[in-house]
Amino acid sequence: MELIGLLNYAVFMAIFIGIYSLLALGLNIQWGFSGLFNAGIAGFFAVGAYTSALLTAPESPVHLGGFQLPVVVGWIGAMIAAGAIAWPIGKVCLRFRSDYLAIATIGVAEIIRLVVKSEGWMTGGARGVNKIPRPFGDLSYLYSQLAYLALVLAIVLVVYWAIERQISAPWGRMMRGIRDNEDAATAMGKDIKARRLEAFIFGAAVMGLGGALFAHFNRSITPEAIDPMIATFLIWIMLILGGSGNNRGALLGVAVVWIIWSASEFVTDQLPTEYAIKAKYMRVFIIGLLLQLVLRFRPEGILPEPQGTADRPEVKTFQKQESAAK
């Protein structure tokens, strides 16, 4: 029985790693490749989660929705809604830079959180949205978890492949050029505002998908799930630790940070109650210390962004194919 319990916990943790991987990949599009300091990840996470929940959940007198649409429709709707919300936010906020953009996006995320909490007729208020359908929910618990894990991993792989293709294309090279030297990109006739807005919307849509997967995994979504500590700042730590500008680094950072975050909770729960409550705060200390060590000794992250086109994996693959053709 203990072995089954550990397996359930490992699968549970792996599912969360997959969900947070989508949030980190979305942030990597915005910050790692485009230089946009988005500190409002929780807002797009919430939009995606609540949109999918309201589209797929059964009718309820305490919130809007009750459409009972297929889960796939809910996930697509989550991406569209997060991208649609990102458009006006980007039009207003992307004129700011660095810390000013961070302050603006934090404010937007807080507005979304307060709307979710206070507009009970739409979101259920503090009670949230419950009875959200979950794929493979009719299976036994362990098989349901394993099936959902496989689905989440498949989605992460598809999103990762799509981002890699886009970043390897001229659009991705242009975004890195804008990030590194905006004046030079402007001199070459690039529409800086439009390109940045595209990256902002693209990243927000991926974050919305992550929120939708979270809501269907938990079968409910409440305002407590939109905690900025978990849904924003922890994502930033994951990306910085793994290496911004490198999708592999983003995934590695998610795995390292979430394993430490979850494993430390598992360990502290074994302590007596009077010590367990205090020991939980050690998680924040451990993650903070790890981040400080990485910033001190490897500021570019564990897997930094490849420097120069010749070092990029897709360029090496192309060169190998070209040599083989000759």
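**Helices and salt bridges in a predicted model**

Glu198 and Arg195 both belong to helix 9 (residues 192-218), where they sit three residues apart, about one turn of the helix. The questions below concern a predicted model.

Q: How far apart are the N and O atoms in the salt bridge of Glu198 and Arg195?
A: Both residues lie in helix 9, and their spacing of three residues is about one turn of the helix. Glu198 is partly exposed, with a relative accessible area of 33%. The side chains of Glu198 and Arg195 meet in a salt bridge, and its N to O distance is 2.6 Å.

Q: Is Asp180 buried or exposed?
A: Asp180 forms a salt bridge with Arg179, in which the closest N and O atoms are 2.9 Å apart. Arg179 counts as partly exposed at 24% relative accessibility. For Asp180 the relative accessibility is 56%, and since exposed means over 50%, Asp180 counts as exposed.

Q: How many salt bridges does a search of the whole structure find?
A: Among them is the pair of Arg179 and Asp180, with the closest N and O atoms 2.9 Å apart. Another joins Glu110 to Arg113 at 2.8 Å, N to O. For the whole structure, the search finds six.

Q: Are helix 6 and helix 7 roughly parallel or roughly perpendicular to each other?
A: Helix 6 (residues 141-168) packs against helix 7 (residues 170-180) with the axes 4 Å apart and at an angle of about 70 degrees. Angles of 65 to 115 degrees count as roughly perpendicular. The two helices, helix 6 and helix 7, are therefore roughly perpendicular.

Q: How many charged residues does the contact of helix 6 with helix 7 have?
A: From helix 6 the contact involves Gln166, Ile167 and Ser168, which meet Pro170, Trp171, Gly172, Arg173 and Arg176 in helix 7. By class, the contact has three nonpolar residues and three polar ones, while the number of charged residues is two.

Q: What is the radius of gyration of the protein?
A: The protein has 14 helices and two strands. For 326 residues the globule rule gives 20 Å, and the computed value is close to this, so the protein is as compact as a globular protein of that length, with a radius of gyration of 20 Å.

Methods. Residues numbered from 1 in each chain as written. Predicted model: local features only at pLDDT ≥ 70, side-chain atom pairs only at ≥ 80, totals over all residues. Heavy atoms only, no water. Axes fitted to C-alpha atoms, helices over the stretch in contact; angles between N-to-C directions. Parallel < 35°, antiparallel > 145°, perpendicular 65-115°, else oblique. Contact = heavy atoms within 4.5 Å. Nonpolar A, V, L, I, M, F, W, Y, C, P; charged D, E, K, R; others polar. Salt bridge = Lys/Arg side-chain N within 4 Å of Asp/Glu carboxyl O. Buried < 20%, exposed > 50% of the residue type's maximum accessible area, 1.4 Å probe, protein only. Rg over C-alpha atoms; globule rule 2.2 N^0.38 Å.
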